[in-house]
Amino acid sequence: MEQDVQLVQQCLQGDGSAWEELVRQNNRRVFNICYRFTGNRTEAEDLTQDVFLRIYRTLGSYRSAHGGFATWMTSVTRNLLIDHYRRTKRDRATDSLDDAMPVVENKESSAKRPDEQALLGELSGQVQNALTRLSPELREAVILRDLQQLEYGEIQKILAVPEGTVKSRINRGRIELARILQQMGVRSA
Amino acid sequence: MNWTCEQTELLLTDYLDGLLSSAERHEFDAHVNSCARCTPLVSSVTHALFSLHSLPQIEPPARLVYNILDKTLGPRETVTGWAAVRAWFHGFNPQRFAYGSVSLCAMFLTVASFTSFNWKKPRVADLSPANVYRGADRQAHLVYARSAKYVSDLRVVYEIQSRLQRSDELPNNQDSTTPQTSPDKNPGSTDGTAPVSPKQQNRANDLGSRAVVLAAACPVCSEGRIR
């Protein structure tokens, strides 16, 4: 954490190599959050670039006293993902598609390249499909808790909601995910 | 306390994350084990959680970092021609590179000379694995044969030296070495050993005479011992 703060300080002083180090250390984490949220590699790649662009522009607003750099960065990622979701939802609505999100996202996820599916593996692909069928509120809560292994306090800061709401969303997200997996015929071993 | 299905659903995350007190956990377990509706719920959510935890981390594409750096810091300068070659060599440490090159050449020369590579008339065929192996095998046999011959020659020289030493000592002790008749032993027999046959004696004499000839031919022996 101290190393991150030091790198941020160096970046703010115009040190390009510090920024490069910061990008190298964190791009995997941001990319994974984006990928798990969208279920699409290309979109995740574009979104990761946008996230770092935003971080680069707003790095001066980061205050280490308010939390770790990773939490702040995840918060920026989450805000951008929600913006992206709303934007694409509007686009989908103008295309006169069904507004029901699970159906739309199921179509998206089924349009994945075959090599991508093979890469993920059967079970991983099914779980990813089920994840993208969750509502964005539940999906982000589940991703942060169960994939990024964040504590409730950190998730509370990122989502800017009370801890009770965080717990409730995680709980509902898990139950909903289990229901979708059952519907898809994914049985427990 | 009467635990309900709603409580089970509400506190499922706390249960799975180990946040329930032991009393609550006990009641939770007791209810789930006896409730036909809650048993599959807990089972399926546990499985979903396990599936989520088993999802692998996805490796981002390698170009991602460069794209981000290009978008934020601006495109990197691209050098071409001699500047690119110079930049490529700039990464080398000259001393280490020179030391490495010399070591590599020395190793190559050693291996090549050991495989009887002809430096005057180098051929590509000499570098084929079969020819390299054949050359190395031949060299190894040659080295072995030379070593064996060297050891054999040394043995002959030492034998000559020892015989010459004995012959130097003979005139001084001639009286004492004259065989005396032993009263309790038969003439011609030694102590507990078989008598030397005439054939063996002749061979020894013959070897002795050859040794003298060899010693005369050997400059070291002729200077040091034979005067």
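How many residues of chain B are in contact with chain A, and how many residues of chain A do they touch? In this predicted model, 26 residues of chain B are in contact with 31 residues of chain A. On the side of chain B that touches chain A, the elements that contribute two or more residues are helix H2 (12–16), helix H4 (38–53) and helix H5 (63–73) of chain B. Of these, H4(B) supplies the largest share, with nine residues. Sorted by class, this side of chain B consists of 15 nonpolar, nine polar and two charged residues.

Turning to chain A by itself, we find 10 helices and zero strands, so that, read from the N terminus on, the order of its elements is α-α-α-α-α-α-α-α-α-α. Buried residues account for 38% of the 189 residues in chain A. If we take the contacts in chain A between residues at least 6 apart in sequence, 64% of them join residues at least 24 apart.

The average pLDDT of chain A is 85, and 83% of its residues score at least 70. Over residues 99–111 of chain A, however, the pLDDT is below 50, although this stretch has 15 contacts in the model beyond near neighbours in sequence.

One pair of helices in chain A can be followed in detail. Helix H8 (residues 136–147) of chain A packs against helix H10 (residues 163–183) of chain A at an angle of about 95 degrees, and their axes lie 8 Å apart. Because angles from 65 to 115 degrees count as roughly perpendicular, H8(A) is roughly perpendicular to H10(A). From H8(A), the residues that take part in the contact are A:Glu137, A:Leu138, A:Arg139, A:Ala141, A:Val142 and A:Arg145. The residues they meet in H10(A) include A:Val166, A:Arg169, A:Ile170 and A:Leu177. By class, the contact between H8(A) and H10(A) has six nonpolar, one polar and seven charged residues.

Helix H7 (residues 94–114) of chain B has 21 residues, and at 1.5 Å a residue it should span 30 Å. Because the expected span is 1.5 Å times one less than the number of residues, this value can be set beside the model, where the end C-alpha atoms of H7(B) are 30 Å apart, which agrees.

Terms used
Residues numbered from 1 in each chain as written. Chains lettered and ligands numbered in written order. Predicted model: local features only at pLDDT ≥ 70, side-chain atom pairs only at ≥ 80, totals over all residues. pLDDT = per-residue confidence, 0-100. Contact = placed C-beta atoms within 7 Å. Helix = DSSP H or I, 4+ residues; strand = E, 2+ residues; numbered from the N terminus. Nonpolar A, V, L, I, M, F, W, Y, C, P; charged D, E, K, R; others polar. Axes fitted to C-alpha atoms, helices over the stretch in contact; angles between N-to-C directions. Parallel < 35°, antiparallel > 145°, perpendicular 65-115°, else oblique. Buried ≥ 20, exposed ≤ 12 C-beta atoms within 10 Å, placed from the backbone.
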